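Dear colleague,

I am handing over the structure below, and my notes on what was found in it follow directly after.

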Amino acid sequence: MILIFQLTFFLYLFAAATYLVFFFNQNDRLRTMARITTITAGVIHLTYTAARFIHSGHTPITSNHEAVSFFALAVTWGYLSFRWRYKVKNFGVFVSPIVAVLMFVASRASQQLTELPPALQSLWLPVHASIAVMANAFLALAFCGGIMYLLQEREIKNKKFGLFYSRLPSLEALDNLNRHCLAVGFPLMTLGIITGSIWAKQAWGAYWQWDPKETWSLITWFIYAAILHQRFTAGWRRRRVAIMAIIGFASALFTLWGVNFLLEGLHSYAG
Amino acid sequence: MQAENIFVLGVNHKTAPVAIREQLAFSGETLPLKELLAIDGCTECCILSTCNRVEIIFVTRNPDSTPLTIRNFLFGKSLLSDSDYDRYTYLHQGQDAINHLFRVGASLDSMIVGEPQILGQLKQAYKVANDNQCTGTVLNRFLHKSFSVAKRIRTETNIGGSAVSISYAAVELAKKIFGELKDKVVMLVGAGEMAELAAEHLITQGISQVVVVNRTFENAVKLAKRFNGKAAGLDDLIPQLTDVDILISSTGAQGLVLKRDDVKPAMKQRMNRPLFLIDIAVPRDLDPELNNLDNVYLYDIDDLKNVVDINKAERDKEAARGERIVIEETMKFMQWLAGLALAPTIMDLRTKADGICRAEIDRTLSHLKELSPKEMKSLEKMAEAITNKLLHDPILYLKGEIHKEAPGQKLASIRQIFGLDHDHDQEN
């Protein structure tokens, strides 16, 4: 099983490297290669996750390794589902390194199969955790879109056309990318918080206990809610949304990890 | 077929002014292909005639006389001296001719390097020549090769990549900001050739509406009619900003037409939809501060010129890569021509060898009547094997690397060694 994981990791790494080289020399053959590699890696990764599920008997999303690996899987499939509907030039170049980094983090964590603590033995585990991670995946894609937007806009505003101008899509396309990712990510995130709260009621007896993870996810939720609200009322778009998407994702990452390491709380199962 | 029999004779924008190019013996509509083919020695020809160049591509049996006859025919009615001919026209032969046509087709020789029209014009020229049965083995291959070389350069380099005129650069930028230009509204403030040109380019990109603003309303109406658009007075400029996406300003006004504080409130009303401002007036119409507003992109004439210069430099770099491809393909074509020259000699060699072999077999077998059919067959096989093996090395030698200095020399020596050119004298 470790072998499958390492193969997946290697394939993601290879895809990211290929995308990076492609970005500089724009050789179409490399892009095709990177795409095929990404899809292959995504499929093998899915198999790996399924195998882990069968082995352990529960959704593999409880240990740090599992959560991050699942995160990477969700980003990959979120990206692939996106690609299937929209074309965003060179999006893969920015997404693939994130996936590779996530896989690296997952590879460093303990890959041991663990017994579930009693509090986690619930049907809500797969529902709550996978929805929350999938929300994060779309927020990660919005984060990529935000970075691409800022890079492209800087070149257009400053009238200095360097590496990105010809390689990145139009500002409009990047703004749309952001909107779509947030439109998927935000409802998922809301759903993640609601399911978490229902589960909390069952497991701990209260819907909301202000443990650090809950607090931080609420902060993140407010950041994204603000983006969407401003977008529809004050016409916030483009640059500001791009910056907010980056800030929001930083907050989401902190909710996912920072809280685990820096703050003690009820959610600290994984380690 | 020797490469030395291929020529390109021409005049272009670099060598001759329009006044000279006009004096050529024919006008665009009917090309004198038949007349050229009637010239002694000329076996194939094709004429490329555009506003920037006239090129006669031809193959002749008499490399010494035909080019001159063709040149005199072309300038028949004009009164040019010999030195004028030499000054204004160029004549490329063999490898140079191949190299030249490949460069022309790939737009490396064009006034604007990388412009794509020339390839279409060359294809059309070939079609006309082909329809008139003026092309044969060599030119068919030569011209098709020039198309594929042009295509190869277009795909392998970025030669036609970026805009090299101000108005195209503006359109390109607009596309980077808005993506699709459909259902976008463009506003022209003031009139001017460059502004109108840019507006025209934008319309071909699918712009939905043009609004023309002018100090004198009648002028606005006139111009608006041309673009099928709307006219407005200068007072309407700021209120209209709510609906406009691209604004091209080119008034003769001394001061600023649009200031930062005029646009700022408009952006709110626009719900921050991006606004692309193009200022091609000197002195400037638009406040340089505008570029600092969120979602406003301001380009003045110098910015656009800068973009064009960068793109031009980029094209020149790409053109250098294109030249390398041309050289490579020219060598390949020379190889093909050499192979074409080889074919008759190899054929002669084989015919001669087979003839001797057959004759000797027949003579021997007529003495050995007691042999069984099987033994006869073996004997024949042996004789054939000997001839084939003897010929193997000379043919390999012929097909091998062709020496640049003396392309015909190998052929001549082989023909001499094997006496390929006296066969008929001896036997008949």
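B:Ser107, which follows H5(B), has a positive phi near 65 degrees.

Please note that this is a predicted model, in which local features need pLDDT of at least 70 and side-chain atom pairs count only at pLDDT 80 or more, while totals for chains, interfaces and linings use all residues. Residues are numbered from 1 along each chain as its sequence is written, chains are lettered from A in the order in which they are written, and side-chain values use heavy atoms, with hydrogens and water left out.

Turning to the interface, 22 residues from chain B and 26 residues from chain A are in contact (heavy atoms within 4.5 Å). The two chains bury about 1,800 Å² between them (accessible area lost on being put together, 1.4 Å probe, summed over both), 49% of it on carbon and sulfur atoms. Of the area that chain B buries against chain A, B:Lys176, B:Met271 and B:Tyr297 supply 35%, more than any other three residues. Three salt bridges (a Lys or Arg side-chain nitrogen within 4 Å of an Asp or Glu carboxyl oxygen) cross this interface, including one between A:Lys159 and B:Asp303 at 2.9 Å, N to O.

Best regards

Conventions:
Helices (H or I, at least four residues) and strands (E, at least two) are DSSP runs, numbered from the N terminus.
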